[in-house]
Each structure stands twice: as C-alpha cells, then as structure tokens.
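Please open the model in your viewer and keep the sequence panel beside it. The stops below say what to select next and what is there.

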Amino acid sequence: MAAVSASAPGKIILFGEHAVVYGQPAIAAPLTAVQVTATAEPGAPGSGLVFYAADLGQTVAVTEATPDNPFFNALIYPAQVLLQHLRAPTPDLRLTVRSTIPIASGLGSGAALATAIMRALAAALGAPLTDDALNPLVYEVERRHHGTPSGIDNTVIVYARPVYFVRGTAPQTFAVARPFTLLVADSGQSSPTRLTVADVRDLHDADPPRLDALFARIGAIARAARQGIETGDPDSLGPLMDENHALLRELTVSSERLDRLCQAARDAGARGAKLSGGGRGGAMIALVDETKIAPVTAALGRAGALRVLATRIAGGP
Ligand code: PMV
C-alpha cells in the first residue's frame, strides 16, 4: 500500500451560532488558510494503529484507548467510530497527523481532525467514504466533544463549502454573488464550546420566552445575511454582524477581550464585527474592504489578537 493523505479545513461561523442549537438557521464557511492533514502508511505486521501527532512529536497507539487519554477525543475516538462503521478490525497502520488549526478557538479543530483522520483511514482500508457518508460519522465524534452539537461544524468542514444550516435538515449551499473578505482573529483565549453551550442551555431553561425571542432575532439576522450574500450586497452584512454580536453578548457568551477586538476592528474601518463560534474566547471575525485589511489587522494585533488571517468568501453551489 502506498501512503494516502487526506485533509480538512478549519471553519468560521458567520451568523447564528448558539441559536442554531435551538433550530434557527446559521451560516458557516470553510477556513482554508488552516488545515489538518492525515497521512496513512503501512505499519509493521502486528503493530496495530499508531498515531503520530507530528506537531507535538508524540506517538499514541489505539490500544491506549481510554477516555482519559489526552489524545482520545481528538485522534483515537474518530478512528474507533470509523472502524466500527466499516466493521473493520484494527489495521496495522501509522497515521501521521499535522494541524495548523488552533485548538479550542472556535475554528473547528476537532471536526477537522476527525474528518481528515477518517478520510485517510477509510482510503487506506480501500473503502473511501462519500461526504454524505462521512458527515454523520464526524457528527458522532462532535457529540463526544460538545454533548449537543447542532451539526454545523462537521457539515461545513466535511463539504468544505459555505453552508446555510438548519439543524436536522440537509445542508443548503448558496451562491455568493459578490465575494467578500473577512478577517479572522484568534483571541488567544481558549474556551470549550461545551461550557458555553451548557450555560446558554441554563439561561434558556430559566426563562424560555426571553431566550427564544433572542434566538428568533438571531435567526432573522442569518436569513437576512443569506439574502445579502445571494443578491451581491455583502456590505449589508456589516450591521448584521454588529447586531448578531450584541445578541451573543446578551447570551453571555462574549468576553471583554472579544468585545475589545470587535470594537478595535470597527474603529479601524471594518464594516462590522462579531465573535465566531462558541464564544468567551476563541475567534472573532470582521468584514473589511480590501483597503482596510492592513489597518484592521494592525488594530486587532494591538487589541490583543494572537493571530489574524484574511479569508475570501466566494463560490456557490
Ligand atoms: O465549535 P464552535 O466553538 O465553533 O461552536 C459551534 C457553534 C455552536 O452553535 C456554539 C454550537 C453548535 O453545536 O452549533
């Protein structure tokens, strides 16, 4: 067997995080500037399945599969889910995994790792998976990370296209009539999505009508944003991003740092800004004209961003 490689991009949520868990629409796009790559090579007979986490210089075998193994969720569990799906015994393979997606920063590192690992493993076993077959398997892994994921992360990462997503329905792709640029900043604060999702759940349980009204407003923003993107009016997204961020603040999932980064981006000329993903840390995004990429990037750096990437949202079904 020759070595086989597979990769998966990161992702950003443009609109609708958290409300999407409660059935509202959300919009997400792949972030191809960061990627996970998994390469499967034959191992010695009897070696079993061994991962090499190249960025960390560490090796871990599937035989070490206990939930308290630090690599369990990210590396071992996706392999187990795939082997179970294929009803395949543990193969003698070495899987080298490399990632440029920061962990726990709302950029989809968990779903991208699972996607790349399952793709490489399935191909090495001579049973490559279609995206439609892979998506529910990555969702299964996401459930382990998050408890009650909406499914948006695995969907945008597996299909690697902008998606309009409503929980429990087939993902819809849509045309980006006029491409636009987003800056993506890593706040440098890591924040597990599981916790913010649980806190929003508690808020919801304490006052369902208030929270349902907030979710409905976020849903209306996502619908309006889709229309702006499809009709070639991306500038209309700026105010929608600001409004979505304000609503996320009401859901208590922003942080001082995220608020500061959003304000710094707006002050430096961004058309709008919001946190992206689970919140309380992780990533934020800002909509910028080409001429504002440099000043807004610099302002985000001064406001504490660890790293800023520019990504162009384009394409269609
Ligand atoms: O994985 P993150 O941090 O980008 O967040 C996912 C988006 C949430 O809406 C907060 C949760 C979900 O399952 O959709």
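Begin by colouring the protein chain by its two parts, domain 1 (4-172) and domain 2 (175-313), whose bounds come from an automatic or database domain assignment. The C-alpha centres of domain 1 and domain 2 lie 24 Å apart. The contact takes 32 residues from domain 1 and 44 residues from domain 2, where contact means heavy atoms within 4.5 Å.

Before going further, note that this is a predicted model, in which local features need pLDDT of at least 70 and side-chain atom pairs count only at pLDDT 80 or more, while totals for chains, interfaces and linings use all residues. Residues are numbered from 1 along each chain as its sequence is written, and side-chain values use heavy atoms, with hydrogens and water left out.

**The whole chain**

Switch to a cartoon of the protein chain, which shows nine helices and ten strands; these are DSSP runs numbered from the N terminus, with helices being H or I of at least four residues and strands E of at least two. The radius of gyration of the protein chain is 20 Å, close to the 20 Å that the globule rule gives for 317 residues, so the chain is as compact as a globular protein of that length; this radius is taken over C-alpha atoms, and the rule is 2.2 Å times the number of residues to the power 0.38. Along its principal axes the C-alpha trace spans about 60 × 45 × 35 Å. Of the 317 residues, 53% count as buried, a label that means under 20% relative accessible area, with exposed over 50% and partly exposed in between (1.4 Å probe, protein chains only).

**The largest pocket**

Next select Ile103, Ala104, Ser109, Gly110 and His145, which are the closest to the centre of the largest pocket among the 48 residues that line it. About 1,100 Å³ of space lies in this pocket. On a 1 Å grid over the protein atoms alone, a pocket is an open set of points with protein on both sides within 12 Å along at least five of seven lines, a cavity is a set where a 1.4 Å probe fits but cannot get out, and lining residues have an atom within 4 Å of a point. Grid points are joined across faces, edges and corners, and a volume is the space filled by probe spheres set on the points. Domain 1 and domain 2 each give at least three residues to the lining of the largest pocket.

Stay with Ser109, which sits in helix 2 and is buried, with a relative accessible area of 11%. Leaving aside its neighbours within four places in sequence, Ser109 is in contact with Ile101, Pro102, Ile103 and Ala104.

**The largest cavity**

Now select Pro102, Leu107, Val184, Ala185, Asp186, Arg307 and Leu309, which line the largest cavity, a space of about 40 Å³. The largest share of its lining, three residues, comes from strand 7.

**Two loop residues**

Finish with two backbone angles. Select His18, in the loop between strand 1 and strand 2 (26-42), where phi is near 70°, a positive value in a residue other than glycine; His18 counts as buried at 5% relative accessibility. Then move to Thr252, in the loop between helix 7 (237-250) and helix 8 (256-267), which has a positive phi of about 70° although it is not a glycine, and which counts as partly exposed at 35% relative accessibility.
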